Protein chains: 2
Amino acid sequence: VIVTVTLNVALDVTYPVPTLEVGGSHVVGTPHARAGGKGVNVARVLHQHGCPVLATGLVGGPTGADVRDDLAAAGVAHDFAEVAGPSRRTVTVVAADSGDATAFNEPGPEVSAAEWGAFVRHLESLLAEASVVVLSGSLPGVPVYAYRELTRLAQRHGTAVVLDATQVALLAALEAGPDIVKPNASELAATTGLTSPVEGAGQLRDRGARAVVASLGVDGLLAHTPDGLWRASIPERLAGNPTGAGDACVAALAAGIAEGWAWPQRLRTAVAWSAAAVVAPHAGTVDPDTRDRVHDHILVEEIHAADVHR
Amino acid sequence: VIVTVTLNVALDVTYPVPTLEVGGSHVVGTPHARAGGKGVNVARVLHQHGCPVLATGLVGGPTGADVRDDLAAAGVAHDFAEVAGPSRRTVTVVAADSGDATAFNEPGPEVSAAEWGAFVRHLESLLAEASVVVLSGSLPGVPVYAYRELTRLAQRHGTAVVLDATQVALLAALEAGPDIVKPNASELAATTGLTSPVEGAGQLRDRGARAVVASLGVDGLLAHTPDGLWRASIPERLAGNPTGAGDACVAALAAGIAEGWAWPQRLRTAVAWSAAAVVAPHAGTVDPDTRDRVHDHILVEEIHAADVHR
């Protein structure tokens, strides 16, 4: 089973408004609420594709109960640890006139040392059955080295780690040697100070990551791995909501480890699922028609050392 | 006791952001949550002034539980009826750079006919002890004649009614003859189609209201009553948040009935509390220093028939 860890789950609430007026007062349409957080979205995509998956992480309060209820309704297996602080909400205001989505993300609960220790033991009990663990998304009030600790825990149990984190949480985890880290272009540049994705990915590997898959938006994916360097992309632009494309990519990379796919197949699948997530209405969903249509058009090319600086 | 009815209670959540960027993604500061809804704010102001008050209305779901908990923490007596649908939240985004407050108000739950009937019986059980009932704020999914039904119920028990409602909910209630209705200038104009507040207030009385107190912003209050016409105003402008000034005014009008004050005293108190609510940081709070400082400077003047059209 693939275990996804979401330390900072969210209830993602969408407020439809006819138009967004700064300083105004809006009566919103019927709000739509959905369990979210990056690891939850990864679990949804894996579940949609029939991959055995278990969502875990920290939940608290009534918002946490709503998250569990929504996952149960979606049929996604989950086993979260409870914390006293309430899980966060995100509010996204979608304006009908402009199409603009304006997001407000609460920071998430404080987590006590005892709660954190209990979660580490809870995760350990799940790792015996896990081939891959996905560590994804922002941290609530837990130590910034949280992902490093969980990466080391997984390694002690022979479980592969796919990490999607940013800034200090990413940097702190690198030295533990996660199997794959997946920054996007701006995260990679911000973390490394390098504008070249190939050089940035190489630096993250130098700092400990075994492989780096950088998502470069319309330029597709760059994979910097012990087996070689690849680029994978799609010769068309898809319109839609890019939120959730990164989570679909992470889901494919985790499935690839679990299924023992070679890198070109992992990358082809990751590009197809990401592109199909852009078309889907919500994060955590992949549009099956788009996925199947684009699959055979994806270009996966190996980059050789001499070409890196071209 | 003064009973305040809030059919559409809210958990009022404030999101502080450094700046509000339409189409952007914001990590908000620690959200502040507070029980709200106009009747709840009225109850808070009365409680602050030592007036015996009981807050009632409809609450549901975890948000309703948060509303009750917050009122309990504030020491405000309350006895709500439970409904199956969850109480609404309002989200106000406050931008530090511009000071703009941008509000998003959820519509509120649907209420079944059985739940509505149960609430009417619940309110009836509270009216035996009530001198005044305040009906205030928007309606959730209940019939638009809800305030008319509650006004008639109060009258059968000899309880005075102060009504703060808008549009169809206000118009439907007028024929039941509420003791005081409190529109603001724009509500009065929208409801009557008349630009003159004196004429608009007169029309609402013709339609059934016993007295009308219109809040005219910086121009103060206009009272159109069986005992005469008055204007009450304050010879200074106060800077702050006007949200909640109307609720402080309603609180003073209800206290005036309960205490048997003559109209000039009611209006003087209503202007003082409203002005002091503008200065206070949250709706439902009156700044005591401002209230006491402005009280003796308030002008209350009776308008005579010959002067109405001046």
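This is a predicted model: local features need pLDDT of at least 70, side-chain atom pairs count only at pLDDT 80 or more; totals for chains, interfaces and linings use all residues.
# Reading salt bridges, buried residues and a chain interface

Biologist: Which residue forms a salt bridge with A:Lys38, and how far apart are the closest N and O atoms?

Modeller: A:Lys38 forms a salt bridge with A:Asp247, and their closest N and O atoms are 3.5 Å apart. The term requires a side-chain nitrogen of Lys or Arg within 4 Å of a carboxyl oxygen of Asp or Glu. A:Lys38 belongs to helix H1 (residues 38-48) of chain A and A:Asp247 to helix H8 (residues 245-259) of chain A, so the pair ties together parts 209 residues apart in sequence. Helices (H or I, at least four residues) and strands (E, at least two) are DSSP runs numbered from the N terminus.

Biologist: Are A:Lys38 and A:Asp247 buried or exposed?

Modeller: Relative accessible area decides: buried is under 20%, exposed over 50%, and partly exposed in between (1.4 Å probe, protein chains only). A:Lys38 is partly exposed at 33%, while A:Asp247 is buried at 3%.

Biologist: Which residue pairs with A:Arg44 in a salt bridge?

Modeller: The partner is A:Asp70, with the closest N and O atoms 2.8 Å apart. A:Arg44 lies in helix H1 of chain A and A:Asp70 in helix H2 (residues 61-74) of chain A, so this pair ties together parts 26 residues apart in sequence. A:Arg44 has a relative accessible area of 8% and is buried.

Biologist: What partner does B:Lys38 have in a salt bridge?

Modeller: B:Lys38 pairs with B:Asp164, at 3.7 Å between the closest N and O atoms. This pair links distant parts of the chain, 126 residues apart: B:Asp164 is in strand E10 (residues 160-164) of chain B and B:Lys38 in helix H1 (residues 38-48) of chain B. B:Asp164 is buried at 4% relative accessibility, and B:Lys38 is partly exposed at 32%. In chain A, salt bridges that share partners join A:Lys38, A:Asp164 and A:Asp247 into one network. The count over all chains is 18 salt bridges.

Biologist: How many salt bridges lie between chain A and chain B?

Modeller: The count there is zero. The elements giving two or more residues to the side of chain A that touches chain B are strands E2 (10-17), E3 (25-27), E7 (88-95) and E8 (101-105) of chain A. E8(A) supplies the largest share, five residues.

Biologist: How much area do chain A and chain B bury between them?

Modeller: About 2100 Å², of which 62% is on carbon and sulfur atoms. Buried area is the accessible area (1.4 Å probe) that two parts lose on being put together, summed over both. In terms of contact (heavy atoms within 4.5 Å), 25 residues of chain A meet 25 residues of chain B.

Biologist: Where does A:Val181 lie, and which residues is it in contact with?

Modeller: A:Val181 is in strand E11 (residues 180-181) of chain A. At 0% relative accessibility, A:Val181 is buried. Leaving aside neighbours within four places in sequence, its contacts include A:Leu163, A:Leu170, A:Leu204 and A:Val213. A:Leu170 is eleven residues away in sequence, and the C-alpha to C-alpha distance is 8.4 Å.

Biologist: Which side chain is in polar contact with that of B:His224?

Modeller: The side chain of B:Arg205, at 3.2 Å. B:His224 lies in strand E13 (residues 221-225) of chain B, and is buried at 15% relative accessible area.

Biologist: What is the phi of A:Gln167?

Modeller: Phi is near 50 degrees, a positive value in a residue other than glycine. A:Gln167 is in helix H5 (residues 167-174) of chain A, and is exposed at 58%. B:Gln167 also has a positive phi, of about 50 degrees.

Notes: Residues are numbered from 1 along each chain as its sequence is written. Chains are lettered from A and ligands numbered from 1 in the order in which they are written. Side-chain values use heavy atoms; hydrogens and water are left out. A polar contact is a pair of N or O atoms within 3.5 Å; within protein, one must be able to donate a hydrogen and the other to accept it, and residues adjacent in sequence count only if both atoms are side-chain atoms.
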